[in-house]
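Here's a quick briefing for anyone opening this structure for the first time. Have a look at the model, then read on for helix packing, salt bridges and nonpolar cores.

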Amino acid sequence: ESLRTLKEQARAIAEDRLRDPVLDRRIEGELGHAFSQMVEDLDGFAQRMNLLAAGELENEKLTKSRGKTEGVLTKSLEETIRTVRALQEEMNNIIAAVGDGMLHERADVDRFHGKYRDLCSGINEITKAFESALFQVAHSVDVVHRTSDELAQGSQTLAEGATEQASTLEEIASSLEQMSSMTGEMASSAS
């Protein structure tokens with residue numbers, strides 16, 4: 001009976017059925033204890049992976065291993081957790097820098113590999129494009145400002161010129177009026 005139960009438990013473990021009721025059966029002896037410990041450890045890994053998938057990077061349960069700390073699965077999971085935390089830290093730093101107006105800041109792509117490196121490179125490209133767009137806007141605002149100053153100066157010069165011309169026209173009109181009056185007087189004197 002014990003051998004058959006161990007066989008069923010081994011199949012459930014191999015088929016990744018850690019919630020199978022057959023695994024709840026306790027078997028006496030070293031082999032039975034080893035199977036129980038293996039199921040418990042695998043269940044712990046599954047719980048930690050679920051926390052990681054849910055983004056619970058600060059959850060205390062995520063960092064507590066129920067299995068041996070030298071194990072291959074433990075080391076792999078802990079390396080994954082370190083990498084995801086480093087990526088989160090890198091993204092938070094970039095977001096904070098952009099929020100503070102430091103658009104020249106970039107993610108350190110050399111800290112990561114594979115798709116994580118691609119993600120950092122993509123964030124850097126977005127930040128660079130944002131920086132470039134804001135630079136162009138700032139340049140355009142500067143050009144508009146300078147152009148409006150030039151227009152204001154041109155308008156001032158034009159207004160001054162118009163005032164001078166109006167004054168000159170008044171002088172000419174006054175002179176013409178005097179000439180007309182003198183011509184009228186001369187015509188009266190001549191007759």
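Let's start with a pair of helices: the axes of helix 4 (residues 72-99) and helix 5 (residues 114-190) come within 11 Å and cross at roughly 5°. That makes helix 4 roughly parallel to helix 5 (angles under 35 degrees count as roughly parallel). This is a predicted model, where local features need pLDDT of at least 70 and side-chain atom pairs count only at pLDDT 80 or more, while totals for chains, interfaces and linings use all residues. Residues are numbered from 1 along each chain as its sequence is written, and side-chain values use heavy atoms, with hydrogens and water left out.

- Axes here are lines fitted to C-alpha atoms, for helices over the stretch in contact, with angles running from 0 to 180 degrees between N-to-C directions; helices are DSSP runs (H or I, at least four residues) numbered from the N terminus.
- On the helix 4 side, the residues in contact (heavy atoms within 4.5 Å) are Thr83, Val84, Leu87, Glu90, Met91, Ile94 and Val98.
- Their partners in helix 5 are Tyr116, Leu119, Cys120, Ile123, Thr127 and Phe130.
- Sorted by class, this contact has 10 nonpolar, 2 polar and 1 charged residues (Ala, Val, Leu, Ile, Met, Phe, Trp, Tyr, Cys and Pro count as nonpolar, Asp, Glu, Lys and Arg as charged, and the others, Gly among them, as polar).
- Thr127, which sits in helix 5, counts as buried at 6% relative accessibility (buried means under 20% relative accessible area, exposed over 50%, partly exposed in between, with a 1.4 Å probe and protein chains only).
- Not counting residues up to four places away in sequence, Thr127 touches Ile94, Val98, Leu103, Glu105 and Arg106.

**Salt bridges**

- The count comes to 14 salt bridges (a side-chain nitrogen of Lys or Arg within 4 Å of a carboxyl oxygen of Asp or Glu).
- One of them joins the side chains of Asp43 and Arg19, at 2.4 Å from N to O. This pair links distant parts of the chain, 24 residues apart: Asp43 is in helix 2 (residues 30-53), and Arg19 is in the loop between helix 1 (2-14) and helix 2.
- Asp43 is buried at 14% relative accessibility, whereas Arg19 is exposed at 62%.
- Another pairs Arg48 with Glu78, with the closest N and O atoms 4.0 Å apart. Here, Arg48 in helix 2 is linked to Glu78 in helix 4, 30 residues apart.
- Arg48 is buried, with a relative accessible area of 4%, while Glu78 is partly exposed at 23%.
- Glu131 and Arg106 also form a salt bridge, their closest N and O atoms being 2.8 Å apart. Glu131 lies in helix 5 and Arg106 in the loop between helix 4 and helix 5, so the pair ties together parts that are 25 residues apart in sequence.
- Glu131 is partly exposed at 29%, and Arg106 is partly exposed at 28%.

**Nonpolar cores**

- The largest nonpolar core has 9 residues: Leu6, Ala12, Ile13, Leu18, Val22, Leu23, Ile27, Phe35 and Val39 (a core is a set of buried Ala, Val, Leu, Ile, Met, Phe, Trp, Tyr and Cys residues joined through side-chain atoms within 4.5 Å).
- Helix 1 and helix 2 are the elements that give two or more residues to this core, and helix 1 gives the most, with 3 residues.
- Leaving aside neighbours within four places in sequence, Leu6 is in contact with Ile27, Leu31, Gly32 and Phe35.
- Apart from this core lies another of 8 residues, among them Met91, Ile94, Ala107 and Phe112.

Note on methods
Parallel < 35°, antiparallel > 145°, perpendicular 65-115°, else oblique.
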